[in-house]
Amino acid sequence: MDNIHKQKTFFGRRKGKGMSKAKELLLEDYLPKFGITLPLNGTIDFSKLFDFKPKKYVFEIGYGDGEHIVNMALKNPDIAFIGTEVFINGNASLIKKIIANDIKNIRVFPDDVNLLFPYLPDEIFSTIFILYPDPWPKNRNEERRMINKNNIEIFSKLLKHDGNLVVVSDHPVYIPWVLMVMSKQNNFLWTAEKSSDFTNPPLDWETTKYERKAISENRKPIYLNFIKK
Ligand SMILES: C[S@@+](CC[C@H](N)C(=O)[O-])C[C@H]1O[C@@H](n2cnc3c(N)ncnc32)[C@H](O)[C@@H]1O
């Protein structure tokens, strides 16, 4: 493992208290079909992941219950979506939606994204979405935040030239944190030119349960888009 991939893995609870037997069986039955298995060596062969030749690959980290990735996949059948989520209940919800909608263009890594990073080929993704990452607001937990100096280097390696890193948060500590981290690196440009570029969602935005709750509680989502140079 090279230096860029030596980092702390997920902190928190993986298995939900309310995980039903039905969900466990769902994962058992369908993860072999939709899940990504890590190779023994080298990187994942993306040409073998899907039964069609995708126009591009899009990555979503921490997809929660999968609402955003599913709606994006339904709207864009020629694009392939890779999602990771460490929370097992979230994985079961996504698999359920994939089956209910007969979705062919999503593959799932049902675990900590840090375990997946070393197996992803360079310059594979057109877009990386990180929606409402856990804020870890206390200063002493800064190193647990998904946006950090090390991960920015990883995202830069994984994105194609002109690829997008989309980070959305409603958290008053997290947004300045992201802007501070991004201001100290040279791989990405922040695309915003006026306030509405970050206070309004991008065109064709697919919302999530988390986002609807934030808005209903008068928290203001901020939509940050960075382009890889
Ligand atoms: C606040 S939730 C937001 C969920 C979803 N993106 C949404 O907008 O509804 C953050 C999610 O990130 C997931 N997460 C946190 N760290 C992760 C990691 N290292 N790898 C994969 N998922 C992670 C959590 O389990 C959680 O579901």
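## A loop and its surroundings

Author: Trp136 sits in the loop between E4 and H5; helices (H or I, at least four residues) and strands (E, at least two) are DSSP runs, numbered from the N terminus. Please keep in mind that this is a predicted model, in which local features need pLDDT of at least 70 and side-chain atom pairs count only at pLDDT 80 or more, while totals for chains, interfaces and linings use all residues. Residues are numbered from 1 along each chain as its sequence is written, and side-chain values use heavy atoms, with hydrogens and water left out.

Let's begin with the backbone. Most residues other than glycine have a negative phi. Trp136 has a positive phi, near 40°. With a relative accessible area of 23%, Trp136 is partly exposed; buried means under 20% relative accessible area, exposed over 50%, and partly exposed in between, using a 1.4 Å probe and protein chains only.

Now for the rings. The structure holds 12 aromatic pairs; rings of Phe, Tyr and Trp (its six-membered ring) pair if their centres lie within 6.5 Å, with planes under 30 degrees apart counted as stacked, over 60 as edge-to-face and the rest as tilted. One of them joins Tyr132 and Tyr210: the ring centres are 4.8 Å apart and the planes stand at 40°, so this pair is tilted. Because Tyr132 lies in the loop between strand E4 (125–131) and H5 while Tyr210 lies in helix H8 (residues 209–216), the pair ties together parts that are 78 residues apart in sequence. Tyr132 is buried, at 8% relative accessibility, whereas Tyr210 is partly exposed, at 42%.

Ser169 is part of strand E5 (residues 159–169) and counts as buried at 1% relative accessibility. Setting aside neighbours within four places in sequence, Ser169 is in contact (heavy atoms within 4.5 Å) with Tyr132, Tyr174, Ile175, Lys220, Pro221 and Ile222. The C-alpha atoms of Ser169 and Leu131 are 6.5 Å apart, although 38 residues separate the two along the chain. A polar atom of the Ser169 side chain lies 3.0 Å from the backbone nitrogen of His171.

Asp170 belongs to the loop between E5 and helix H6 (174–183) and is buried, at 9% relative accessible area. Not counting residues up to four places away in sequence, Asp170 touches Tyr132, Tyr210, Ala214, Arg219, Lys220 and Pro221.

Leu131 brings us to the ligand. Of the 18 residues around the ligand, the nearest are Gly62, Glu85, Asp112, Val113 and Leu131; a residue is near if one of its heavy atoms lies within 4 Å. A backbone N or O atom of Leu131 is 2.8 Å from a nitrogen atom of the ligand. For Val113, a backbone N or O atom lies 3.0 Å from a ligand nitrogen, and a polar backbone atom of Gly62 lies 2.8 Å from one. Taken alone, the ligand exposes 600 Å², of which the protein buries 86%; accessible areas come from the Shrake-Rupley method with a 1.4 Å probe, and for residues only the protein chains shown count as cover.

At the start of H5, a side-chain oxygen of Asn148 reaches to within 3.1 Å of the backbone nitrogen of Asn150. In helix H5 (residues 149–158), the residues Asn151, Ile152, Ile154, Phe155, Ser156 and Leu158 are buried. An α-helix has 3.6 residues a turn, so residues three or four places apart point the same way.

Methods
Polar contact = N/O pair within 3.5 Å; in protein donor to acceptor, adjacent residues only side chain to side chain.
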